[in-house]
Amino acid sequence: MSSWPITTTLVKFGQQKRRHRGSSIASACVVKLLRGIDFEELPLPLTIGTRPAFAWEVTDENTSASHAIKYPHWQRQFEAALVEGDPQSLRQRVDAAESALFLRLQALGESAEGDEERQAISEAMGTLRAIQREKLGYPEWNTK
Amino acid sequence: MPAKRILIVDDNAVVRSLVRRLFESQSDFEISGEAENGRDAIDKAEKLKPDLIILDLVMPVMTGLDAAPLLKQLLPDVLIILFTQQEGSEVERLAQAAGIDAVVSKSQVASELFLKAQVLLASLGRQKDRAKFRNAS
């Protein structure tokens, strides 16, 4: 892999943002609020441990037979968090995955087309919560 | 009217940054600070005295639900919006019991958070005006 696409997700988010323009009132509303935000400046880590924050590059080769990527905006970051063995880097991996999921949800807005992906994001979030609780020592919120 | 001061509490820097930029784009609001967990929020709230706290639920050290009653004790007039990925009646019930004023899901478009903040602050303003009127008459 010759280069790491640090901004892949954010660039795609920007494209999504443009596609949404005018598609619905809700989408237009969020686009209005997000307009002017320079997503390049959001504090996504460039590297985690010794590896880039975005563990895989979205290319035609690795999105095909070897590893099917259904949700390119967040699936790689999520899988990187799942396989992270280094406890020092795990928090950053989980944060990067959570960021990608959150940004994707915002990009999906309230469009009806994203229901299946929203469900997948919800399940991925649940898994990240379990990692935070069991491996990162986050306190339980629903013990009362 | 002075800008309403907001404290953003979330362990995720990207979420904090996005919320900050949403509110900073409006002159009615001013971001007074950010905190990374419930304990940090209490320390910052004591110093910064915000009008509104955007509070995440799941955070290291102290959750939003544990921090909320302590924040209300410290600043009885502060408004708290729980901005969380968790949804459902259980979260709503626990949030209400903790003194939280509103719950907004992170799966909703971010503009919902913004609209909720405006509605809550306007409502608080009306309550204060009514109280002033009652005291004067």
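How many helices and strands does the secondary structure of chain A comprise? In this predicted model, chain A has 5 helices and 2 strands. Along the sequence, these elements of chain A are arranged as α-α-β-β-α-α-α.

**Chain A overall**

- Of the 144 residues in chain A, 33% are buried.
- When contacts in chain A between residues at least 6 apart in sequence are considered, 62% of them join residues at least 24 apart.

**Helices α4 and α5 of chain A**

- Two packed helices are described by the angle between their axes and the distance between the axes.
- The axes of α4(A), residues 87-108, and α5(A) come within 10 Å and cross at roughly 155°.
- An angle over 145 degrees counts as roughly antiparallel, and therefore α4(A) is roughly antiparallel to α5(A).
- The crossing of α4(A) past α5(A) is left-handed.
- On the side of α4(A), the residues making this contact include V94(A), A97(A), L101(A) and L105(A).
- On the side of α5(A), they include I121(A), A124(A), M125(A) and L128(A).
- By class, the residues of the contact of α4(A) with α5(A) are 10 nonpolar, 1 polar and 4 charged.

- Helix α3(B) covers residues 64-74, and its buried residues are G64(B), L65(B), D66(B), A67(B), A68(B) and L71(B).
- The elements of chain B that cover the buried residues of α3(B) include α2 (38-48), β3 (52-55), β4 (79-84) and α4 (89-97).

**The contact between chains A and B**

- Chain A contributes 28 residues to the contact, and chain B contributes 24 residues.
- On the side of chain B that touches chain A, at least two residues come from each of α1 (13-24), α4 and α5 (110-136) of chain B.
- The largest share of that side, 6 residues, is supplied by α1(B).
- Sorted by class, the side of chain B that touches chain A holds 14 nonpolar, 7 polar and 3 charged residues.

**Residue N142(A)**

- N142(A) lies in the segment after α5 (115-134) of chain A.
- N142(A) counts as exposed because it has 12 C-beta neighbours inside 10 Å.
- Leaving aside residues up to four places away in sequence, N142(A) touches E90(B) and L94(B).

How values were computed
Residues numbered from 1 in each chain as written. Chains lettered and ligands numbered in written order. Predicted model: local features only at pLDDT ≥ 70, side-chain atom pairs only at ≥ 80, totals over all residues. Helix = DSSP H or I, 4+ residues; strand = E, 2+ residues; numbered from the N terminus. Buried ≥ 20, exposed ≤ 12 C-beta atoms within 10 Å, placed from the backbone. Contact = placed C-beta atoms within 7 Å. Nonpolar A, V, L, I, M, F, W, Y, C, P; charged D, E, K, R; others polar. Axes fitted to C-alpha atoms, helices over the stretch in contact; angles between N-to-C directions. Parallel < 35°, antiparallel > 145°, perpendicular 65-115°, else oblique. Left-handed = near helix turned anticlockwise from the far one by under 90°.
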